[in-house]
Each structure stands twice: as C-alpha cells, then as structure tokens.
There are 2 protein chains.
Amino acid sequence: MPSPTLSDVARAAGVSYATADRVINNRGNVAEKSSEKVRKAVAALGYVRNIAAANLSRGRIYKLAFLIPQGSNAFFNRIHQHIIHTAEHQQREGVTVEVIKVAAFAVEGLQESLLALLGRDIDGIAIVGLQSTALEKSLAQLRARGVAVVGLVSDLPQTSRAAYIGIDNIAAGRTAARTVGLSHGGHSGCVQTFAGSMEARDHAERLSGFREVLEADFPFIDVLDPIMTKDDPIVLQAQARELLSHPGFTALYNVGAGNSGLIAALQEAKGKRPFCVVHELVAHSRQALLERHIDLVIDQRPDVEINRAFTVLRALIDEKDLPPMPDLVPTIYVRDNLPADALTDKMKA
Amino acid sequence: MPSPTLSDVARAAGVSYATADRVINNRGNVAEKSSEKVRKAVAALGYVRNIAAANLSRGRIYKLAFLIPQGSNAFFNRIHQHIIHTAEHQQREGVTVEVIKVAAFAVEGLQESLLALLGRDIDGIAIVGLQSTALEKSLAQLRARGVAVVGLVSDLPQTSRAAYIGIDNIAAGRTAARTVGLSHGGHSGCVQTFAGSMEARDHAERLSGFREVLEADFPFIDVLDPIMTKDDPIVLQAQARELLSHPGFTALYNVGAGNSGLIAALQEAKGKRPFCVVHELVAHSRQALLERHIDLVIDQRPDVEINRAFTVLRALIDEKDLPPMPDLVPTIYVRDNLPADALTDKMKA
DNA sequence: CAAAAAATGATTGACGTCGATCAAAACTCC
DNA sequence: GGAGTTTTGATCGACGTCAATCATTTTTTG
C-alpha cells in the first residue's frame with residue numbers, strides 16, 4: 001500500500017541506492033545492464049518519485065513567467081489579476097511567478113522578451129501567443145534548455161509549445177451563432193458583425209464559426225460582413241451609433257474587443273434594440289448584461305485557464321502526467337448566471 | 001525570501017524549538033506566556049508550516065469519503081466517474097478515497113452511513129446532502145472529531161458543513177428562463193415544466209427561479225404548473241408524448257432527471273417541436289443536443305465540482321486558506337460548445 | 001521552604017530525496 | 001597482467017517537520 005521508495009527499487013534491482021539514484025536522475029556513468037535492471041524494477045514496483053520530498057531536499061523553486069500583452073485591455077487586466085492572485089497562493093508552495101508585459105500583438109516585442117528570458121533560469125513560461133513562425137527558433141532554444149512552454153488564450157506554432165490552453169474559437173463563434181439563431185425563434189433577420197482585425201486569428205476563427213452555423217442552420221438570417229474596428233471603442237461607438245439609427249438589424253455580434261464603445265452606443269439608443277452578443281466578461285460587459293444593454297457574453301473563463309496553465313506547467317516541469325482538470329469550453333453568460341464579482345470585491349478591499 | 005522555518009520562529013520568540021513545536025501542534029504543557037511569544041513570532045515572521053515536509057515526516061495519508069446516492073442515475077454515475085478519476089491521481093499524493101453509495105434520497109440511509117463512518121478514522125467527507133435536520137447530530141459528532149464535512153451538489157443543514165459545493169439552483173432556473181425568454185424573440189408562448197418532486201429542494205428552487213424571471217421579464221410567456229415525474233423516464237415519456245400531440249406549447253423545461261424519457265418522446269414527434277431545456281449533460285442529453293431533439297442543457301459541471309471538493313477538503317484538513325478556484329456557475333450548453341466527451345472516450349479505452 | 005507539578009530545553013531518529021564524496025571493484029586496452 | 005578507465009557501493013548531511021525521550025529549570029502548593 002505505501003508507495004515504494006527508491007531504496008525499495010534499488011533492492012529489487014539488486015543494485016545499490018547510489019546506482020538507482022544515478023539512473024533515476026540520469027547522472028550518467030552507469031552501465032547499460034544496471035540501468036536496465038533499475039528501469040525494470042521501477043516498472044515492476046510502480047515506483048514514482050516523491051516530488052514533495054525531492055523538492056524539499058533540493059529546496060527547489062519553480063520559476064514561471066507569463067508573457068501577456070501590455071495595454072489597458074480589460075480582458076488582459078483580468079488575466080493579469082488572476083495570475084497575481086494564483087501566484088500569491090502558490091508562493092508558499094515554492095512557485096515564483098513573473099508577469100512580463102509585451103507590446104501588444106507585435107512579434108518583435110515578443111521575440112525580444114523571449115531572448116531576454118534565454119539567459120535566465122526559468123522553468124516554464126506561458127505565452128499569449130502569436131502564430132508567427134518567427135518565434136519558432138527562440139522557442140525551440142528555450143525548450144532545448146528544458147523550459148516548459150505553453151500557449152495561453154491564443155496559440156503558438158504547434159511545434160513550439162507543449163500545450164495550448166484556451167478555448168476553441170471556432171466553437172466560440174458557432175456558439176454565438178447558435179444563440180443568435182435561437183433568439184430569432186424561426187423568424188428572419190439580419191446580423192451585423194464586428195471584428196478587430198482579420199489578421200487576429202481568434203477573430204477570424206470566431207467569424208468563420210459564426211457564419212458556418214448561421215448559414216447551415218438558420219439560413220433565414222443574413223450575416224453581414226464584419227465592420228473592422230481595430231478593437232477601438234471609439235470606432236465601435238461611432239459605427240454602432242450609425243447602425244442603430246437604421247432599423248432592420250436583428251442582431252449584433254462583436255468577435256473582438258472594444259465593447260465599451262458598443263455598449264455606450266447601445267445605452268444611448270432608444271426603443272427595441274437588436275439581440276447583442278459580445279465576448280469576454282469584464283466590468284463593463286458584466287454591467288451591460290445586468291442593465292440589459294446586451295443579451296449574452298461568451299466568455300473563455302480566464303480564471304479556469306490560468307488555473308490550468310499553472311497545473312500544466314507544473315506537470316510538465318515535474319514530468320508527470322496531467323491530473324484531471326475542468327474542460328475549457330466557451331461559456332455563455334446571461335444576466336442570471338454571472339459568477340460573484342471577485343474583481344469588484346477586490347477593488348473594494 | 002525563503003520561508004521562515006519553525007526554528008526561525010523559535011529563535012525569534014526566544015524559546016526552544018521544542019516549545020515552539022508544542023505551541024504549533026498544540027501538544028499542551030506550555031505556559032500562556034510562552035505560547036503568546038510564539039504566536040507573536042509566527043505573526044511577525046509570517047510563518048506557515050511546510051505541509052509537504054510535515055506530511056513527509058508523519059507519513060500522512062488523507063482519508064476522504066464521498067457519499068453519493070445509489071442507483072443508475074446518469075448524473076451520479078458521471079459524478080462517480082470523476083471522483084474515481086481524480087482519486088487515481090491524488091493517490092500518489094497521499095490521498096485515499098472511498099465512495100460510499102447511499103440509498104437515494106433517504107435520510108435513514110444517509111444517517112446510517114454517517115454512523116458507520118463515526119467509528120473509523122476519516123479526515124474529510126463530501127456528502128450529496130439532504131436538508132434534513134435529522135442529520136445534524138451525527139454530522140456534529142463527526143465534525144467534533146475533526147472530520148471536515150462539505151456538502152456536494154445538494155446542500156446540508158448550514159451549520160452542519162464547512163462548505164457547500166454546488167451551483168445556485170435558483171440561478172440555474174433563472175438562467176433557463178432567460179434562454180427560454182430569449183428564444184421567443186418577443187413573441188408570446190406557453191411553457192410546460194416538469195419536476196421530479198417538489199420535496200427535492202433543487203427542483204423547487206429551479207422552478208421558482210424560472211418562474212421569477214419569466215414573470216418579470218417575459219410576461220407574454222405562460223408558465224404552466226409542473227408535471228410531477230418522480231424523475232422516472234417512463235412517466236416523462238408518456239406525459240411528453242401526450243403533450244406533444246397538442247400544439248400550442250412553445251417550450252418545455254425539465255428541472256429534474258429522467259430526461260431519456262423526454263428525449264424519446266421528442267424523437268418520436270414529427271414537425272416543429274417546442275424549445276427544450278433540460279439539466280445535466282450526460283450521454284443521452286448530449287446526444288439529444290447533437291441530434292437537435294433539445295436546444296439547451298444547463299449543467300453544473302460536476303467535474304469542476306469534484307475538483308473543488310478535493311481542494312476544499314484538503315484545505316480544511318490542512319487548516320490553510322483556500323487557493324483560487326474556478327467559480328461555480330450554471331453552465332449553458334448548446335450543441336456547439338460541448339466539451340470533448342471524456343466519458344465516452346474512456347469507455348472505448 | 002520543601003515537595004510536587006508544570007514548563008522548558010536539548011536532542012534524536014525518522015520521512016524520501018538530492019547531491020555530494022571516496023574508496024573499492026569491474027571493466028578495458030595494449 | 002598492469003595501468004588506466006568506467007562503474008559501483010557505501011555513506012553523509014542537508015531539507016522542514018513530527019513525535020518522541022530525558023534532564024533540567026521554573027512555578028505552584030501546602
């Protein structure tokens with residue numbers, strides 16, 4: 001019942017503790033024959049090294065870094081908050097975390113930060129990624145040095161990371177479409193979409209998922225080509241204001257950020273407004289839900305993602321397999337299933 | 001930077017390690033004056049005992065028990081699966097788990113299981129609860145012996161548990177109502193509700209939340225009194241079949257279980273069907289979503305709940321404060337945001 | 001003020017692992 | 001078969017805590 005120790009393994013393999021230790025921590029200078037015997041004994045006994053004891057022994061500290069885009073984007077502020085909050089609690093378990101702000105969506109900036117990291121001893125990094133192949137080389141270098149790399153929210157080149165932690169954005173778009181479709185109750189309609197930029201992969205993916213479902217399952221709803229906003233609230237507000245003055249739109253869907261502008265425009269408008277779906281639950285989208293200016297928020301649960309990032313990074317660093325974690329799915333918020341407002345609560349404190 | 005050790009505390013307090021140890025592990029035989037000094041030093045240095053080292057030292061094993069209702073209920077099977085799965089991974093970290101099946105929704109059965117637990121040395125239990133005050137005494141006894149008790153999915157008497165892990169069922173009902181309301185796109189309608197029993201607190205709560213939102217925000221939708229089903233698929237199928245033969249129902253909402261019956265009836269029916277909302281994502285509700293027999297599933301994410309139960313129990317047992325965990329909210333599933341089907345995947349393997 | 005009781009100090013051996021060191025044994029190779 | 005190399009064994013002292021023991025000091029009590 002009690003887990004076998006390395007001494008047990010050594011005994012079973014017929015070698016000394018020292019040799020077993022050399023194999024387990026591959027320190028070299030061990031004959032293939034002995035190595036073989038030890039590996040067999042490990043398999044036979046089901047030995048798993050006690051990470052707590054190991055960490056205690058060497059006084060290990062896990063050094064993690066999170067690279068997230070700079071700027072005043074409410075969503076990334078929320079991400080940042082969650083990282084800090086989680087880091088506080090992990091501190092006592094030997095995890096130190098550094099949050100590195102990177103110039104938003106600029107490959108060069110990210111590249112630079114990665115190079116800076118190369119010189120330091122870091123155990124794992126989570127990166128809000130860019131698909132650019134320009135990153136491949138430095139990421140490969142980092143990983144060659146044993147650094148665990150995961151993509152967060154937005155993926156990196158597949159070969160450059162051990163895992164991607166984020167939602168499926170096509171599914172997110174499809175989900176939005178489903179709700180828009182259902183909201184029409186079989187009646188015809190016309191949806192105006194908004195996007196920051198078609199170069200942002202997540203925006204493009206959401207749009208394609210959105211289109212796909214509406215075309216297939218709700219053909220009586222027209223989908224208009226997206227208005228490009230650069231995620232700028234000012235642009236969104238102006239465009240939305242103009243739009244809302246014309247009747248005929250039965251739904252609005254913004255795949256990108258800058259929702260405060262959209263919400264401001266909706267707030268001004270009188271009378272029946274179109275069905276509105278946006279992404280990411282932050283202070284203003286939350287309030288807009290409560291005040292009925294919008295109907296739905298599709299959220300990627302950054303709290304769950306951050307949680308997962310920590311867990312995955314530790315598992316990668318410890319080279320153990322992943323414990324069960326909640327699945328990541330695009331979450332639909334209406335005004336009735338909002339979580340307690342932790343951020344607001346914190347602000348008060 | 002490195003955490004202070006108990007030796008540091010002892011030195012700071014001007015007492016010996018032995019005395020500091022006596023205070024920390026309250027072994028008694030220590031003068032109030034010394035005790036005071038030690039506590040002050042603890043506060044001053046911010047000492048937190050190293051749980052990994054402590055567990056290593058005493059070879060601690062956390063003994064947990066989960067009490068869940070017996071029977072072939074798909075939802076509880078899912079719960080059971082998650083417990084087993086999580087337990088496997090926790091095993092190597094010194095956690096043993098026992099799942100105790102209790103006669104469904106019978107206070108006596110639960111009571112009996114609790115009494116049986118009284119004799120054994122258990123560190124924590126999670127109970128799919130009953131609100132009954134009959135349980136208060138045995139729960140109080142257990143807790144007096146230092147057993148951590150949390151309510152799972154369905155709450156226990158408030159004073160009898162340290163935490164409740166489950167969704168707010170009123171919010172769940174409100175959420176269902178919101179989606180039903182939105183699906184009517186401003187048109188009038190008529191919803192038939194189904195419930196297992198009004199004595200089940202979660203059923204009653206969901207219904208009241210459902211009613212509340214529809215009456216307040218969608219007064220043009222009629223809510224019919226619930227058909228009582230005892231969560232029996234046969235009953236549901238018969239009732240639904242009958243219902244579907246009449247036109248005029250624009251939505252169906254089942255707050256309880258037994259959905260396979262409802263789905264079977266929907267499957268038989270031809271033509272346009274009402275908007276359908278049910279609770280809990282399990283094999284058949286998942287399939288029904290995919291095959292478009294129903295529109296929405298409100299789920300309480302048992303995977304998240306189980307995860308949380310383990311985390312909370314450990315925190316209670318270790319007497320440390322709670323690490324950040326994902327919020328528990330009623331989750332809305334449509335056919336486009338379903339998680340990967342872990343259970344099915346497992347069945348195959 | 002002496003005897004009993006209570007509190008404290010000092011110390012030790014676990015727990016399982018790491019990262020050493022040093023000597024002894026087992027091999028190569030010529 | 002002797003020098004050199006590689007591989008082993010044995011052992012030690014951390015890491016921070018727990019759970020002991022035993023001797024000593026301090027306090028209480030009659």
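Because the model is predicted, local features need pLDDT of at least 70 and side-chain atom pairs count only at pLDDT 80 or more, while totals for chains, interfaces and linings use all residues. Residues are numbered from 1 along each chain as its sequence is written, and chains are lettered from A and ligands numbered from 1 in the order in which they are written.

Let's start with strand S1 of chain A, residues 62–69. Helices (H or I, at least four residues) and strands (E, at least two) are DSSP runs, numbered from the N terminus. In S1(A), 7 of the 8 residues are buried, where buried means that 20 or more other C-beta atoms, placed from the backbone, lie within 10 Å of the residue's own.

Which strands pair with S1(A)? Two strands pair if DSSP finds at least two bridges between them. Strand S2(A), residues 95–102, runs parallel to S1(A) and is joined to it by 8 bridges. Strand S3(A), residues 124–127, is parallel to S1(A) too, with 4 bridges. Phe66(A) is a handy landmark: Val99(A) stands opposite it in S2(A), and Ala126(A) is its bridge partner in S3(A).

Now follow the chain from S1(A) through helix H5(A), residues 74–91, to S2(A): together they make a right-handed β-α-β unit. Right-handed means that, with the strands pointing away from the viewer, the path from the first strand over the helix to the second runs clockwise.

Next, the DNA. A residue is near a strand if its C-beta atom, placed from the backbone, lies within 6 Å of it. Around DNA strand D there are 27 residues, and those that come nearest are Ala31(A), Ser34(A), Thr5(B), Ala54(B) and Ser57(B). H4(B) gives the largest share of this surface, 5 residues. Around DNA strand C there are 27 residues as well, with Thr5(A), Ala54(A), Ser57(A), Ala31(B) and Ser34(B) coming nearest. Here the largest share, 5 residues, comes from H4(A).

Finally, how do the two chains relate?

Key: A residue is buried if 20 or more other C-beta atoms lie within 10 Å of its own, exposed if 12 or fewer, and partly exposed in between; C-beta atoms are placed from the backbone.
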